[in-house]
Amino acid sequence: MNARHVWTIAKKDLRGVKSERTIVLAILLQVFIAMFSSFLVVGLTSLYDPAALGEQGGGLAIGYAGADSPLAGLLEEPGGFTVYPMNLSEAVAALKERQLSAVVYVPDTPPDAEGPVKVTLYTIKNDIQGAVASAGLKDAFEAYEEELRDVRSGRLAAVPVDLAVPESEGGQTFFLFVYGLLIPLLLFLPAIISASLVIDFVTEEYGAQTLETLLSTPVTFVECFWGKVLAAWILVPLQAGAWLLLLAVNGIFIENAFAVLALVSAASLALILLGGVTALHYRERTAAQFVYSTALVAVILAALAVPGNPGHLLVLLSAGAAGPWEYMMVAASVLGAVVLALLAGRYARAMGNRARG
Amino acid sequence: MSKEVLPVTAVLLLALLLATGLTAQSGVHLHDGIYTAATDDDAAAAILAGDPRFSTTHTDLAAILKDADRYDLIVTGGQVWVARSAKGEAALAAFETTYRHYQNTIYGTADDLFAAYPLWIDTTEVRSELDFTATEAGTSAGMQRPSHSAPKPSGTVEAVPTPAADLGIDEDALRETAARVPAGTDQVDRVLGGDQQDEPELGRFKTPSQLSPPLPFDSLIYVFVFIFPLYFTSQFFMMAIANERSGRRGEVLLSTPAGPGTIIAGKALPYFLLMLAVSAAILLVTGGPLAVLLPLIPVILFFLAAALLIGMTARSFRELSFLSIFFSTVMTAYLFFPTVFANVHAVSLVSPLTLVVLLFEGSGFGAADYVYATALFYLGTAAILFLCIKNFNEERLFSQERLTAKITAFVAGAMARGHPFASLVALNILSIPLVFMVQMMYLVLLFNLPLPFSIVCLILLAALTEEVFKSVGIAALFRRAGGAPGWKTLGIAAAATGLGFLLGEKLLLFVMLSQVTGSVFGDVLFSGVGLLWMPFLLHTVGAAIVAAYLKIGGTRAYPFGVLTAGCVHALYNFVLIGGAL
């Protein structure tokens, strides 16, 4: 195999990608997905957990009706609301005019009563403000529940082990979202796109009947195959690396960047080979793309069910939770990709012989 | 596709089924062991072991303290210690939910339910007539400043009955509900990592920790179940069209007496029926109401129209894949974003999928909602189909131009030979549904940002989008003339563009979008401020700027022309709407 020939083919296909500006679309697509996901997380956390963004739901007005209870104080303290004692009917009318964020009605059930304390909460239907208020309301209600439980604790047979848990700032969603979802998605997407790209590279030669012309030059069939694989593969670490840099610019640092890149490169090589072999087998785009994408979904689903899958490894590596076992798994992935490459090379040689014969 | 694929398809589908089963059974392992924890306490170790996200070291205190900074979270002596990092903070939040989960398993077994769960909340939702305008009232959704005295309602006060003090359910029934394992509620956590709620749930009564509003994350599932099969099928239609083009295979078809409309309808019909059948089959399996097909039909039509356009414009199969992936991602976003706000905000009705969510929830929708959610899809389909039918000829189908040049050629081809200006008016009217779809997308993306920021972004993006769409007609005029037309022609063309755009905007607004038009957002998007001649002048000036750039600088000047026009447009909006801010 001649490395120069392989590179010539790779360059030819890359030029095709460049001239059609398809890669621009691919990159736009990835930016779009990143936006899509961050919209989800920013929009939703601000909706359902305003504290996560440092924005207090505080200062919102709450109408309080019914009997006196410690809840009024709790709404002002941990909830951060301004509480107005009001007549229930008037409070609900004010709520309808959006002068209040919510109205609470408390009955005069004694704290140590046999039955439950039933609080009625009035909120506005289809309203964001109500959703914002609900986070603070929840805190206040939970504190009140804790007080009531203390009063009634004599009636409980088993009590949970008491652990003093410090107040959290709700960073869980963001951290888990970025490291557990966004990073694997962004880093594996180029691999998936490249694999479907290689199918187009290969089937195009069959479809446009340019393969014979190509083979009449000193380039062999196998070299041609590897050139196409290389062209698709080279784009992956480039894009993944760009994402790592972009994330770092945004203050999201990824640990073990080299191991992460090695893992992504290995996984993408495996996917590209899968796509390439499918394309060699079917020689026709529709069939190859169909078989490849269905197989891909099955492979991804099955992989996710097994701990230690590439996605899981990537999450652990990038979040800095990897131990020696994870590094070994990365090495094993690279080795596996190399073995796959050898197998695919043999298949390509067999196909090449058949094409010649 | 050849017959040879069929057996493989069967094998693959089986594999897919098996893989789905496997994942459903063992769960998604993506976050296992992401947090490291250490404890010297047996009870704490048992709690931590219940959450796969923690990889826990259970050893004595001295060993833990030897390399304490290895751990994100340490539990010892009834105290929880956390590393001072984003990861430590996240681990703490994860531990909180795990600890609550554990508390609930203990309380859940209590004999005295009302000692374990003493507080129950009955949520009553009140309807307010001010829906979309709510986000305008404050700088952000939660920024309403309360006064010192209690607010006084200005309207009539209806008497609200005093709620009963008891739950109104007899205790046995309650205990029975409490004993049953309740269904998990929808929370961000469920999608991101999953924790189950295991507290008793009594119909509408909730304990405090169940209070957070349910996220309609189920809509994500509807996207997957209903929309993805539609993409898949429309892909085949796209390829069928592209196949006619590759190697000029479709020439025979074009030489038959059937017109382009008939050919397209004939080619699309099987796919349309197939998509309907697939959706109906999914409905039968999931047991959903058949009315779900109603909001799906415009989506199917729009997919087919877009597939036709992509199939007719892509130069190669490679470009076809990229265009189709890009289109499907954008459409997923368009369909999915708004549904997240189903039951929360009026903006959700921008997407027909919200109607599907509403139907599955059993609340249904009215005719006005249907028109509001689907009109853009129907009109957009009509506009794209018109463009494609006009260009379904040899000259366009078998040319190998760049995408942008091709679109211009398509628009030029759709213009009537003798009446270029009337065509421009008509074209711009037709483009309005597509412009609105793009703008609706911005609205959905931006509406929940704080007010001045969201309006500024919206003004800039909306101005740019409108100028891009208007410039297409002008560019087509240049192409038709085969060079730069005279200044007089360009002047009339700009006026025709302005007129068409204005007419389109006003026509569509009268038909449907009253919900948005009432708000500041509506003013930005649909030039609602000022008299009629002002937006007309604005649209004309924008088109004229692009025309002037094209005439003087040629094609290279086009992006700058659009940018300049966009800036002028945005400036106009800033000045006019500045008063409203």
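Start in chain B: select B:Tyr231, B:Phe302, B:Phe303, B:Phe327, B:Tyr334 and B:Phe377, a cluster linked by ring pairs. Two rings of Phe, Tyr or Trp (its six-membered ring) pair if their centres lie within 6.5 Å; planes under 30 degrees apart count as stacked, over 60 as edge-to-face and the rest as tilted. This is a predicted model: local features need pLDDT of at least 70, side-chain atom pairs count only at pLDDT 80 or more, and totals for chains, interfaces and linings use all residues. Residues are numbered from 1 along each chain as its sequence is written, chains are lettered from A and ligands numbered from 1 in the order in which they are written, and side-chain values use heavy atoms, leaving out hydrogens and water.

**Aromatic pairs**

Over all chains, the whole structure holds 13 aromatic pairs. Select B:Phe95 and B:Tyr99. Their ring centres are 6.1 Å apart and their planes make 10°, so this pair is stacked. Both residues sit in helix α4 (residues 86-108) of chain B, four residues apart, about one turn of the helix. Helices (H or I, at least four residues) and strands (E, at least two) are DSSP runs, numbered from the N terminus. B:Phe95 is buried, at 0% relative accessible area. Buried means under 20%, exposed over 50%, and partly exposed in between (1.4 Å probe, protein chains only). B:Tyr99 is also buried, at 8%.

Go back to two cluster members, B:Phe302 and B:Phe377. This pair is edge-to-face, 5.4 Å centre to centre with 70° between the planes. It links distant parts of the chain: B:Phe302 is in helix α12 (residues 293-313) and B:Phe377 in helix α15 (residues 367-390), 75 residues apart. B:Phe302 is buried at 6%; B:Phe377 is buried at 0%.

**Charges over rings**

Next, select B:Lys470 and B:Phe501. The lysine lies over the ring face, 5.6 Å from the ring centre. The criterion: NZ of Lys or CZ of Arg within 6 Å of the ring centre and within 35 degrees of the ring normal. Then select B:Lys551, which lies over the face of B:Trp487 at 5.3 Å from the ring centre.

**The sheet**

An open, mixed sheet of six strands runs β2(A)-β1(A)-β3(A)-β4(A)-β5(B)-β6(B). Two strands pair if DSSP finds at least two bridges between them. The edges are β2 (82-85) of chain A and β6 (205-206) of chain B, each pairing on one side only. Zoom in on β3 (residues 102-106) and β4 (residues 117-124) of chain A, antiparallel over three bridges. Finish at A:Tyr105, whose bridge partner in β4(A) is A:Thr120.
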